[in-house]
Amino acid sequence: MRSLAAIVLTFEAIVLALVTPVMISVADVSKGVSLAVCLGLALFTLVAAGLLRHKVGYVLGWIVQVGAVGLGFIVPVMFVLGLAFAGFWVMAIKLGRRIDEAKAAAEAG
């Protein structure tokens with residue numbers, strides 16, 4: 001489960017970093033605020049990915065999903081991208097659990 005979740009968070013961090021120039025040029029948000037919000041959230045996403053060995057990493061991952069969707073109030077396309085990544089996140093958790101269960105069953109049997 002951890003590897004799928006880490007992949008989702010890593011790609012999400014890239015997208016969040018790329019939203020920075022969009023916020024500056026399209027949404028007319030100041031450079032300082034854009035850098036702090038987008039790059040801060042991207043960094044937070046990478047921290048969450050690094051902490052996936054612990055439960056807190058998954059909690060931080062959920063917080064990232066809320067933050068990414070929340071950016072839609074500033075840059076409307078982020079509603080779509082944020083919801084897409086939230087969907088990827090949910091699927092990574094569900095499929096990752098199934099894979100972990102299948103591995104455990106194969107090792108036991």
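1. Val33 belongs to helix 2 of this predicted model. With a relative accessibility of 43%, Val33 is classed as partly exposed, because that value falls between the 20% limit for buried residues and the 50% limit for exposed ones. Along the chain, Val33 stands 13 residues from Thr20, and the C-alpha atoms of the two are 9.3 Å apart in space.

2. On the overall fold, the protein consists of four helices and has zero strands, so that its pattern along the sequence reads α-α-α-α. Its C-alpha atoms occupy a box of roughly 60 × 20 × 15 Å along the principal axes. Of the 109 residues, 33% are counted as buried. Contacts between residues at least 6 apart in sequence include 66% that connect residues at least 24 apart.

3. The residues of helix 3 that are buried are Gly57, Tyr58, Leu60, Gly61, Val64, Gln65 and Ala68. Viewed down the helix axis, these buried residues keep within an arc of 160 degrees and therefore line one face of helix 3. Residues three or four places apart on an α-helix point the same way, because there are 3.6 residues a turn.

4. The two sides of helix 3 may be set against each other. The cover over its buried residues includes helix 1, helix 2 and helix 4. On the face turned away from the buried side, helix 3 carries Lys55 and Val66, which are exposed.

5. Gln65, also in helix 3, is buried, since its relative accessibility is 4% and the cut-off is 20%. Setting aside residues up to four places away in sequence, Gln65 touches Leu9, Glu12, Gly82, Phe85, Ala86 and Trp89. Leu9, with neighbours within four places likewise left out, is in contact with Thr45, Ala48, Ala49, Leu52, Gly61, Val64, Gln65 and Trp89.

6. The structure contains four aromatic pairs. In one of them, Tyr58 and Trp89, the ring centres are 6.3 Å apart and the planes meet at 40 degrees, so the pair is tilted. This pair connects distant parts of the chain, with Tyr58 in helix 3 (residues 55-70) and Trp89 in helix 4 (residues 77-108), 31 residues apart. Both partners are buried: Tyr58 has a relative accessible area of 16%, and Trp89 has a relative accessibility of 0%.

7. Trp89 also pairs with Trp62, in an edge-to-face arrangement with 6.0 Å between the centres and 85 degrees between the planes. Because Trp62 is in helix 3 and Trp89 in helix 4, the pair ties together parts of the chain 27 residues apart in sequence. Trp62 is partly exposed, its relative accessibility being 42%. Through ring pairs, Tyr58, Trp62 and Trp89 are joined into a cluster.

8. Which residues touch the most other members of the largest nonpolar core? Within this core of 13 residues, they are Ala5, Val8, Leu9, Leu52, Tyr58 and Trp89. Two or more residues each are contributed by helix 1 (2-25), helix 2 (31-50), helix 3 and helix 4. Helix 4 contributes the most, giving four residues. Another core lies apart from this one; it has twelve residues, among them Ala13, Leu41, Ala68 and Val75.

Note on methods:
Residues are numbered from 1 along each chain as its sequence is written. This is a predicted model: local features need pLDDT of at least 70, side-chain atom pairs count only at pLDDT 80 or more; totals for chains, interfaces and linings use all residues. Side-chain values use heavy atoms; hydrogens and water are left out. Rings of Phe, Tyr and Trp (its six-membered ring) pair if their centres lie within 6.5 Å; planes under 30 degrees apart count as stacked, over 60 as edge-to-face and the rest as tilted. Buried means under 20% relative accessible area, exposed over 50%, partly exposed in between (1.4 Å probe, protein chains only). Contact means heavy atoms within 4.5 Å. A nonpolar core is a set of buried Ala, Val, Leu, Ile, Met, Phe, Trp, Tyr and Cys residues joined through side-chain atoms within 4.5 Å. The arc is that of the directions from the helix axis to the C-beta atoms.
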